[in-house]
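Subject: A structure for you to look at

Hi,

Here's the structure I said I'd pass on.

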Amino acid sequence: MFKILVTDELSPQGMELLAAAEDVTVDVKKGLSEAELAEVIPPYHGLIIRSSVTVTANVIDRAENLRAIGRAGVGVDNVDLEAASLHGIVVMNTPGANSMATAEHTIALLLAMCRNIPQAYKSMLELKWTRKKFTGVQLYRKTIGIIGLGRIGSRVALRCRGFGMEVLAYDPYIGADVARELKVKLVSLDELFAQSDFITLHTALTPETKHLINAETIAQMKDGVRIVNCARGALINEDDLAAALTSGKVAGAAVDVYSAEPLPADSPLRGLDNLVFTPHIAASTVEAQRDVGTQVVSQVLQVLRGEDIRNAVNMPLTDPKIVQSMRPYLKLAETIGSLQAQLAGGRLRRIEVEFKGTLNRQVKLLTVALLKGVLSPTLDELVNYINAPILANRRGIKISQTTGMDARNYPNLITCRVYWDGGCRLISATLFSPNEPRVVQVDNYRMDVRPEGQILVVESQDVPGFLGRTGTILGSAGINIAAMRFGRTEPGGRALTFIKVDSPVPEDVINELMAFEPVYEVGQVML
Ligand code: NAD
């Protein structure tokens, strides 16, 4: 049974999903302080939160059973991600669940701003019948500039096109093909400022985007521009926007988010009659709340049940289809890492990796898998895809990507060279089929070894009788040989032999092998 703690309000549909899960018991504890959360957390395997709790390193240190944290919503700034990663805890959010709601609110604000709807409504409440003052502007044939063409920005783009608008977008991280598909013209920020009648913000808040809208950038905009912000308050310098709304340089603005929330009474944005504003409700629809709740629950359940990991914010890749299709290669990368770590002659300092063929597209994921393999044999603690990079970093292991290491010509090949003080070793491996992993190169030796089970790795001089004598030593110790593969540099040169055995080889037998004259080195690995 998995124990799940819910610390915030979750949609009834999300709670129903939890109640229906037969392998789960659920506790709901709201309004917990950090100390209280640390106190109650030890037995829980899953934690479902919104923004009311702070999951600090202290909480995570106490969370000995915790494997998944699900944030119903997007922002995970209330979770110490590094501490969670270090403990191998998956942290997930529910990014797409409220994109449509936010896109629709953007359009609602855009129209409300253009047609003075809140102002007209207010005058109706005051029993007035004012018409001329509320003459609006149309969207049709106007140009809108979208800053940030992600999940929400692209939905806004489609809807604006529906109104017959010309849509420009600035997003340095979006490919031309995405823009083409949306029938959006990608432009520079300068062009967007110069050409747009409306500007809407849909980028994340980063050091680069903080105060993106300020006196200087407003000066670059058309006179009478109208601005919408349903993203993050600090994208706009609110003093500068208020000044531009007062001067009329900006004819109107519509805002859902603020640098400080709740919006302070003395905010410069208060009391401007050409500003339409809402209290951060863009994502607040029945459907979005429902979807956020059910999505976070199903994601947490999937992680606990070992079925899937989606929307993890502390994992290299979370597209389940890619992870699924890469699984055999991830296992291979892990095996090579483990083989390298077990054969290494000292503490690893540096790892170089090269991924050939289509594997080259998943370098990050494969590297993490390889690191997991490297670290697992030497660490007691749980090593997984989430904490492997951080654990490697803490152990001072440097990882780099390189090219030209592999000597073999296979369509998909993983090559890894590890360095320790005084030595290094290269290993290349591939898959002959999804269940047929093969080590095909070890340093200068061409091999054909299935890296599985208990294996003795013997480096020796290539002399007649070597295999026979080795077999005799193992046989007289009662050790059964399951398979043997060997590679050599040249006849009579050096040879490397992988001997698959049915049981671990004791130390004294290894010493006996080492004493056998042609033998240079003996290693034992369990894969
Ligand atoms: P997303 O990650 O899908 O899209 C963000 C886009 O911004 C990406 O395409 C990214 O490439 C782009 N970007 C990053 N840096 C940029 C830069 N310097 N200039 C231009 N573009 C840049 O995110 P999303 O889900 O579409 O959310 C967009 C924003 O909306 C976020 O700030 C999010 O926090 C906010 N949001 C607000 C509410 C609300 O209630 N008002 C609800 C949901 C999301």
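First, a quick word on domains: the bounds used here come from an automatic or database domain assignment. Keep in mind, too, that this is a predicted model.

Domain 1 is made of two stretches, 2-94 and 288-304, while domain 2 covers 99-277. If you go by C-alpha atoms, the centres of domain 2 and domain 4 are 72 Å apart.

Now for the ligand. Where does the ligand sit? You'll find it in the largest pocket. There are 26 residues around the ligand, and the ones that come nearest are R151, I152, D171, T203 and C230. Sorted by type, that shell has 13 nonpolar, 8 polar and 5 charged residues.

- R151: a polar backbone atom is 2.9 Å from an oxygen atom of the ligand.
- D171: here a side-chain N or O atom lies 2.7 Å from a ligand oxygen.
- H280: a ligand oxygen is 3.1 Å from an N or O atom of the side chain.

How much of the ligand does the protein cover? On its own the ligand has 870 Å² of accessible area, and the protein covers 86% of that.

Last, the cavities. Searching the whole structure for cavities of 30 Å³ or more turns up 1. The largest cavity holds about 40 Å³ of space. Its lining is N229, G233, I236, E238, L241, V255, V257, Y258 and L269, which sort into 6 nonpolar, 2 polar and 1 charged.

Cheers

Note on methods: Residues numbered from 1 in each chain as written. Predicted model: local features only at pLDDT ≥ 70, side-chain atom pairs only at ≥ 80, totals over all residues. Heavy atoms only, no water. 1 Å grid on protein atoms, 1.4 Å probe; cavity = no way out; pocket = protein on both sides within 12 Å on 5 of 7 lines; lining within 4 Å. Points joined across faces, edges and corners; volume = space filled by probe spheres on them. Nonpolar A, V, L, I, M, F, W, Y, C, P; charged D, E, K, R; others polar. Near = heavy atom within 4 Å. Polar contact = N/O pair within 3.5 Å; in protein donor to acceptor, adjacent residues only side chain to side chain. Areas by Shrake-Rupley, 256 points an atom, 1.4 Å probe, with all protein chains shown as cover. Sits in = over half its atoms within 2 Å of the grid points.
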